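Trainee: Could you pick a single part of this one and take me through it closely? I'd like one connected account, with the cut-offs spelled out as you go.

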Amino acid sequence: MSFKIKNHLSLGVVAMLAGLSLGHGAHAAAGPHTLRVPGQMPASRTDEASLWTIMDGAEQVAKASPDRIKDPALTGYVQSLTCRLAPEYCKELRVYVLQRPAFNASAAANGYIELWSGLLLRADSEDELGFVLGHEITHYAENHAIETQRAAKLRSNVKFALSLAVNWTGQAVAANAGSVQAANDSVHTASAIKELLYLGNIAAYLQYSRVNETEADQAGLERASLAGFDPRAAAGVWRKLIDENQASDFPSRRNEPVGSSIFSTHPINSARMLALTKAAQGAVPTTPEQAQERRRAYRRQIRPFLSAWLADDLRRRDYGQTLLVIDRLSSLGEDLGVLNFYRGEALRQRRSDGDLAKARAAYLSASLYGDAPSQAWRNLGDLALRDGNTAMAQSAYMTYLGRAPNAQDRWIIDAAIRAMNTAAGR
Amino acid sequence: MSLRIFKSALIATLMGLCVTACAVIPEAPVGPYSVGKSYQVTLAQPWNDVSLIMNARPAKVRLLSLDGPLLNRLYLTDGLVPGDFMVKPAAKERPTPVYRKAMSASERVEFVSDSVAALDYRNVETTGLRPGKFGPHSALRFDLTAQTAEGLNMSGTALISEVDGKAYVLIFLAPSEHFYAAQMAEVENIIASIRPKT
């Protein structure tokens, strides 16, 4: 487990991760720093075989998840990038894209990789995504999961044992409730416990991950570079995360190093970025035109999902962060109808001083582009009406109805227009 | 993570187990059921008032169920004032939707659907927005579809009304297969029975 920033694993996966401690290490084929042989399967009755069984279960959960994006173009794209980065493992690495707003990717011991939409939304180009995938593939290629399992077992530390105890008790709570969801939303105590469990288990599980993470950074960068990705993009991934933390609406989030809090084993810091910058020195520079074209090529891949992913990101309700992401996406100069609309959405929902005026300006900007969602005009009308600008409200509402004649709120908009006409004596 | 935090976690776990194992769930019997001080509904069959096992629930939110909250749940709120939420945040950094002053119609619908999403439902969508009634007051009525984290398809219906600057929300959720349709007549009767207290 490697590339997680503020993620929200289900209790089931937590249990699976916790289950790593149940393996037996005596007969495993893979050793520290040994590259996995392509097609290598664990010998039966080994700790590695146990780990694979657990991860096979986790893979089934991911496969059946309602969050899974099955779009063949997108999944084919990320799978092809994976094969480009690791042709030797192409047949055994399986990438699942999950629609979840956090910045997260992970590679399991059995070769399944999770890539979350929050990461895809934040990557600026294929080069950045290539580095992240290279990082994850390194965890797989270098058998980091089994190393971590053995390290945790050898340490036998109290924290790990306690976290397991908490986890098992929590599973009983969840079982009692009927499902993870039941524990989560009908009995909020269980939800709080689940959080503690998750944090506790991940903390225990990641105790030895610092070395692995450094290896994954370096080898991932090399792998990406060999596959033709710009290695200088690697440090940029971490830079973005640091900047995004600083843009948070929440002081506690701004004050913590990225990847810290419970994941304090390997926070993303300037030293880590410096190491990547240094490793990328000497690479053939990409021209600005090439860089721009690579950004455009990447945007073409994610464009069909921009709206859904931004709407998801808004549900995190960290509007400062979402606005920064939108600013970055806007810097390409494409998709400005969609991006300005979601800028308006973020500002409208935040409603800090001056935000509603800025939201109105953002919706107005969106309305200048053909890709603006029809709701931009409805929300513009709502804000104009709130400000008493009935002329603008009417014009925006009419445009909205023209663009979305079958909108489910048509009767509300019609009524608002009638009320304005009546008030104006028309 | 310090030993102290883990001790706290263990204590919380045991307390949680006690809540789930020991709490007596009261029945909401046939007849009038009061939702706070503001209004009442009439139940045609006995429901379970599972509000008490919603630990850390907002005081203004009641939760009724017939067969357990996984199979059907009916949320009823007393008057929410600006700043109130339907779903209590688990942490300061993970806020849930709050009701705000002077929300537009689409914002009221958004408040409800985002609150449902905050209950860990996925792909929440609203359909069939139509006029509704909250007792003598006008309301927005609409239907919902969603999925649980495990992928179970859910259906729902919701109503939100603003009266004197306060929001009143009713949400019914149940699995799309069998349970939703099976209870809809009862839910419609409950909605039709809403009576403000004088």
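Mentor: Chain B has 3 helices and 11 strands, where helices (H or I, at least four residues) and strands (E, at least two) are DSSP runs numbered from the N terminus. Keep in mind that this is a predicted model: local features need pLDDT of at least 70 and side-chain atom pairs count only at pLDDT 80 or more, while totals for chains, interfaces and linings use all residues. Residues are numbered from 1 along each chain as its sequence is written, and chains are lettered from A and ligands numbered from 1 in the order in which they are written.

Along the sequence, chain B reads α-β-β-β-β-β-β-α-β-β-β-β-α-β. An open, antiparallel sheet of 8 strands takes the order β1-β4-β5-β6-β10-β9-β8-β7 in chain B; two strands pair if DSSP finds at least two bridges between them. The edges are β1 (27-28) and β7 (122-134) of chain B, each pairing on one side only.

Helix α2 of chain B (residues 105-118) touches β7, β8 (137-147), β9 and β10 of chain B, and its direction makes about 40° with that of β8(B). Helix α3 of chain B (residues 179-192) touches β6, β9 and β10 of chain B, at about 155° to β10(B). Contact here means C-beta atoms, placed from the backbone, within 7 Å; axes are lines fitted to C-alpha atoms, for helices over the stretch in contact, with angles from 0 to 180 degrees between N-to-C directions.

Now zoom in on β10(B), residues 166-175. Of its 10 residues, 8 are buried, so the strand is largely enclosed by the rest of the structure. A residue counts as buried if 20 or more other C-beta atoms lie within 10 Å of its own, exposed if 12 or fewer, and partly exposed in between, with C-beta atoms placed from the backbone. For the whole chain, 40% of the 198 residues of chain B are buried.

One neighbour is β6(B), residues 73-77, joined antiparallel to β10(B) by 4 bridges; there B:Tyr75 faces B:Ile171. The β9(B) strand, residues 153-163, runs antiparallel to β10(B) too, with 10 bridges between them, and B:Ser161 has B:Tyr168 as its bridge partner. The hairpin of β9(B) and β10(B) has 2 residues between the strands, and B:Asp164 takes a positive phi near 50° in it.

Technical notes
Two residues are in contact if their C-beta atoms, placed from the backbone, lie within 7 Å.
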